[in-house]
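Keep the coordinates open while reading.

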Amino acid sequence: MSELEFRVAIRDALAEELERDPAVVFFGEDVAAAGGVFKATPGLFERFGPERVFDTPISELALAGAAYGAAVTGLRPVFEVMFGDFMALAMDSLVNQAAKFWYISHEQGTVPLVVRSAVGAGGRFGAIHSQTHGTWFQGIPGLKIAFPSSPAEAKALLKGAIRDDNPVVFLEHKRLYSMKGPPPPAGDDVIPLGRARIARGGDDVTIVSVGKGVCDALAAAETLAGDGISAEVVDLRTLRPLDVATVLGSVARTNRVLAVEEGPRTGGWAAGLLGAVAEEGLHDLDDAWILATAETPIPYSPTLEDAFLPEAEAILDSIRSRLGVGAARS
Amino acid sequence: MSTPTARPPAQALDAYLAGYGRMRLIREFEAAMHRLFLRGEVHGTTHLYAGQEAVAVGVCMALASEDYVAGTYRGHGHALAKGTPPEPLIAEMLGRATGVCGGRAGSMNVIDLAHGLVGCYGIVGGAIAAALGAGLSAKRQGRVAVGFFGDGAANQAYFHECLNLAAVQRVPVVFVCENNLYAEFTPMAQGTAGADIAARAGAYAMPAAVVDGNDLWAVRAAAAEAVTRARGGEGPTLLECRTYRHYGHSKSDPAPYRSQEEVERWLERDPLTLARKRLEREGVTGEQIDAVEQAITAELEQAVAHALAAPYPDPAADAATEYAP
């Protein structure tokens, strides 16, 4: 079986949904003729034409509003906001228009739109091209937030997002675009939003993360196995809805949970998740903690940025320290 | 070809008489909202459309029923002009279960998709984007979208971003600025650079016109031209309709910042008075107009009574879901 690259998974999901449903349209800044600054969408413009796939001015608020207005009148727009940081400009339409429509209209209509963005630090892009905006939208009822962790997950979650009748904020970690992995199973390549997955089974500790954090957790779990620590990894897949039940099920077996978040602890998803786990599963818990970033903007310098991020090494150190075990001697 | 003195065909005159009836309905609707607000039946706040009726009605006269409209938080007139029946709209204001949005939306945020009203927006300028988006759908469907907004919205990012995008994509949309000369409490000259909002369209090479927003005939004619252009694939138009609100910005605003002289000058050009005079001049009898008014008054009285008798939504029985299935 040939390997699937993450950026190709995104493109394939878009192409397949554009092919399948004439209501799907795709637009954004430099996504059509240029194929996207992360080269995720080349070829779509040539294949589907300017009525279905088009470049837009640099107007994030107008893009979000246009997608909302189109979604409530029959189209299924997917649009790209190039870097997640730019989502601050699009917030009014997403928060006050798209997210509220289904409820305040008394279910007169749905808002099937998807907004894709590249997110995440580690690329030396500095404070304003590196943020992960999922939690900015965490407290908004009516929105869904998806954040895939592998090429197969990216393709299947994006297809699930495009078929979803609710507005979806879709995050693509920029350091995963070149990741390669197996494609999703043929005939089973659509993941409905809202269900977490167990990415690796284990008995001693549960590591919960999302997006690239899952890759870091899996790398840490592999090393921990050498220490004799069996770590389970839960991939949340969506930050909203937050699948607390899957995490509770895992914690019932492992009794320990670490949430790894690329973002500040204050106001982050990890704190909310562990609060929900404590509320429902306190009797199962021996330990629960969070590995997040410092409460500062994301730094630029490689030494500072590397130290800032909770990647595999930091996860490993944190679990060893918390469980009171040293590294296995080799 | 018609000349200004020629008598219009009877069919057109009937349409204007019906338009006058809609304007009258909006005026009486808002008077009822004012009374019901003071009685504590309309909750929170409300923004009344009285004085601006010729804009919404004149524009909607130029539309087909399947065309789209996006309105403002001063949106009761937009909904009624597009065809929302008064009773479910009143019930919505009263927060009742029979409201057009089941009492979930309230005065500022009415949605009535069945009549092409994609929404009314509590954020200044929101309707501009909603209309742009509806226009993307409308382009495929052979329809047209209209976005209403006030003069204050012309200073929002929504205005500039959306007019530009609509122009480059040739979206079939009509942007209708209801310039009532005040952005909330601030006079236009203090917050809006340049004399005309319509002139801003020139920067986007978009056709535009300044229209007498209190003249039903003038608004309808300008809108019809813009709608024809949109339907013909020629893209968007900006109409700046000069008008005046009879009440303050919202129910907490007695509008002390407007001089009595200015208010009286505008009341002399009340769009309903102007329309009635024009109908009579063109041959509609006073009795015919009175009959329309009486029918409206009776319809509205009944709608208010029914809405007041309707139940509030029962929180225990509310089957609300966060998401569409």
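**Domains of chain A**

The model is predicted. Chain A splits into domain 1 (4-181) and domain 2 (197-323). Their centres, taken over C-alpha atoms, are 26 Å apart. Across the boundary, 25 residues of domain 1 of chain A are in contact with 22 residues of domain 2 of chain A. On the domain 1 side, β6 (144-146), α5 (151-163) and β7 (168-173) of chain A are the elements that give two or more residues. β6(A) gives the most there, with three residues. By class, that side of domain 1 has ten nonpolar, eleven polar and four charged residues.

**Contact between chains**

Chain A also meets chain B: 31 residues of chain A are in contact with 31 residues of chain B. Two helices of chain A, α3 (60-71) and α4 (91-104), each supply at least two residues to the side that touches chain B. α3(A) gives the most, with eight residues. The residues on this side of chain A divide into 13 nonpolar, 16 polar and two charged.

The two sides can be set next to each other by class.

| Chain A, touching chain B | 13 residues | 16 residues | two residues |

**The nonpolar core**

The largest nonpolar core has 199 residues. Which of them touch the most other members? They are A:I207, B:I128, B:A131, B:L132, B:V146 and B:V174. This core draws at least three residues from each of domain 1 (4-181) and domain 2 (197-323) of chain A.

Leaving out residues up to four places away in sequence, A:I207 touches A:A217, A:A220, A:A221, A:A231, A:V233, A:L258, A:V260 and A:I315.

A:I207 is one of the residues of β10(A). Strand β10 (residues 205-209) of chain A is mostly covered, with five of its five residues buried. In a regular strand the side chains alternate between the two faces of the sheet. In β10(A), A:V205, A:I207 and A:S209 point one way. A:T206 and A:V208 point the other way. Residues on both sides are buried.

β10(A) pairs in the parallel sense with strand β11 (residues 231-235) of chain A, over five bridges. A:S209 stands opposite A:D235 in β11(A).

**A:E232 in β11**

A:E232 lies in strand β11 of chain A. Is A:E232 buried or exposed? A:E232 is buried, because 23 other C-beta atoms lie within 10 Å, and a count of 20 or more is enough for that class. Beyond residues up to four places away in sequence, A:E232 touches A:I198, A:R200, A:G201, A:G202, A:T206, A:S250 and A:T254. Among them, A:T206 is also a residue of β10(A). A:E232 and A:R256 are 24 residues apart in sequence, and their C-alpha atoms are 9.9 Å apart in space.

Note on methods:
Residues numbered from 1 in each chain as written. Chains lettered and ligands numbered in written order. Predicted model: local features only at pLDDT ≥ 70, side-chain atom pairs only at ≥ 80, totals over all residues. Domains from an automatic or database assignment. Contact = placed C-beta atoms within 7 Å. Helix = DSSP H or I, 4+ residues; strand = E, 2+ residues; numbered from the N terminus. Nonpolar A, V, L, I, M, F, W, Y, C, P; charged D, E, K, R; others polar. Core = buried A, V, L, I, M, F, W, Y, C linked by C-beta atoms within 7 Å. Buried ≥ 20, exposed ≤ 12 C-beta atoms within 10 Å, placed from the backbone. Pairing = 2+ DSSP bridges.
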